[in-house]
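Here are a few notes to read alongside the model. Keep the 3D view open and look up each residue as you go.

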Amino acid sequence: MEIRVLKYFLLVAREENITKAAELMHLTQPTLSRQLMQLEKELGVQLFRRSKHRIILTEEGMLLRRRAEEIVALAEKTKEDLQHREEQLTGTVAVGSGELQSSRFLSQLLTAFQEKNPLVRFAIYSGNSDNIKERIERGLLDVGLLQEPVDITRYRFVRTPVRERWGVLVREDSVSATKQSVSPAELADMPLILPERESIQNELLNWFGPYAEGLRITATGNLLYNLASLARASGSCVLTLDLECDYDGLRFIPLSPPMGSDTVLVWKKAQTFSAAAAAMIEFSEKYISGIK
């Protein structure tokens with residue numbers, strides 16, 4: 001499979017129309033159709049179902065779309081890394097981060113690095129720690145900010161100086177909204193929304209202690225904005241980190257006894273980085289060490 005043909009395939013999949021995709025790529029429609037047929041022949045599968053007005057991806061086509069997006073992204077990142085090894089540091093560093101209080105610290109770190117290296121750009125990916133680790137393994141991210149507990153045996157890392165604080169988002173009209181903190185007993189009978197990551201769920205269940213078995217969990221998720229919207233509509237409580245953000249109609253209440261999480265900035269041990277990524281990693285180690 002050629003990268004060029006995969007790009008053709010991705011554009012057709014996006015536009016759902018070969019004629020329109022051909023116009024965008026300045027190709028003739030027969031030329032593009034021939035490229036797609038050759039791709040299907042090479043793979044031995046049908047990628048599209050063709051109708052009168054549009055084309056639809058088959059199950060095999062949807063699988064190739066996911067893989068092709070990763071392949072093209074990795075190819076472009078590799079090209080970017082190889083082309084930026086001049087004396088003046090340039091290039092793009094791919095960074096992953098979750099919704100964390102530590103993200104503000106990461107922003108300060110990146111800004112400090114960019115002040116010294118103004119030609120370096122950052123490509124920021126948002127996701128939970130599992131998503132970020134997966135993209136690091138695939139070579140799509142250079143570094144990632146991960147929330148513990150997380151397995152970092154395959155990585156080099158520096159621990160950030162920020163301690164995350166856990167609590168619940170509750171509706172302002174609930175009894176809990178008047179409290180300074182909430183205990184396991186006070187949350188045990190309430191509908192709860194939990195983070196998606198299993199390791200974090202286990203930490204929270206340990207915090208609940210003897211009340212864990214009878215909890216009423218109504219939903220799980222990985223983006224707090226969406227979970228907050230659900231909590232506002234349903235009256236459920238979102239167990240979440242304190243991001244110091246305001247959500248209309250909701251209030252953050254800390255847990256009691258307190259529960260916290262550490263965060264780490266990680267990168268793969270055995271990997272050759274671009275000059276920009278290598279410089280950013282070295283800078284991060286010194287920056288965090290200086291703060292500590």
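1. First, a term. A residue is buried when its relative accessible area is under 20%, exposed when over 50%, and partly exposed in between, using a 1.4 Å probe and protein chains only. Helices (H or I, at least four residues) and strands (E, at least two) are DSSP runs, numbered from the N terminus.

2. Some housekeeping: this is a predicted model, where local features need pLDDT of at least 70 and side-chain atom pairs count only at pLDDT 80 or more, while totals for chains, interfaces and linings use all residues. Residues are numbered from 1 along each chain as its sequence is written, and side-chain values use heavy atoms, with hydrogens and water left out.

3. Now find helix α8, residues 198-208. Which of its residues are buried? They are Ile 200, Leu 204, Trp 207 and Phe 208. These four sit on the same side of α8, because they cover an arc of only 100 degrees around the axis (the arc is taken from the directions from the helix axis to the C-beta atoms). Glu 198 and Asn 206, on the other side of α8, are exposed.

4. What covers the buried residues of α8? The cover includes β5, β6 (155-171), α7 (184-187), β7 (191-195) and β9, where contact means heavy atoms within 4.5 Å. Just after α8, Gly 209 has a positive phi of about 60 degrees.

5. On to the pockets. On a 1 Å grid over the protein atoms alone, a pocket is an open set of points with protein on both sides within 12 Å along at least five of seven lines, and lining residues have an atom within 4 Å of a point. A volume is the space filled by probe spheres set on the points.

6. The largest pocket holds about 520 Å³ of space. Its lining has 31 residues, and Gly 98, Glu 99, Leu 100, Gln 147 and Asn 222 are the closest to its centre. Elements giving two or more residues to this lining include α5 (102-116) and β4 (120-126).

7. The second largest pocket has about 260 Å³ and 14 lining residues, with Ala 73 and Lys 77 among those nearest its centre. Helix α4 (59-83), β3 and β4 each give two or more residues to that lining, and α4 gives the most, with five.

8. Last, look at Thr 92 in strand β3 (residues 91-97). Thr 92 is buried, at a relative accessible area of 18%.

Definitions and conventions: 1 Å grid on protein atoms, 1.4 Å probe; cavity = no way out; pocket = protein on both sides within 12 Å on 5 of 7 lines; lining within 4 Å.
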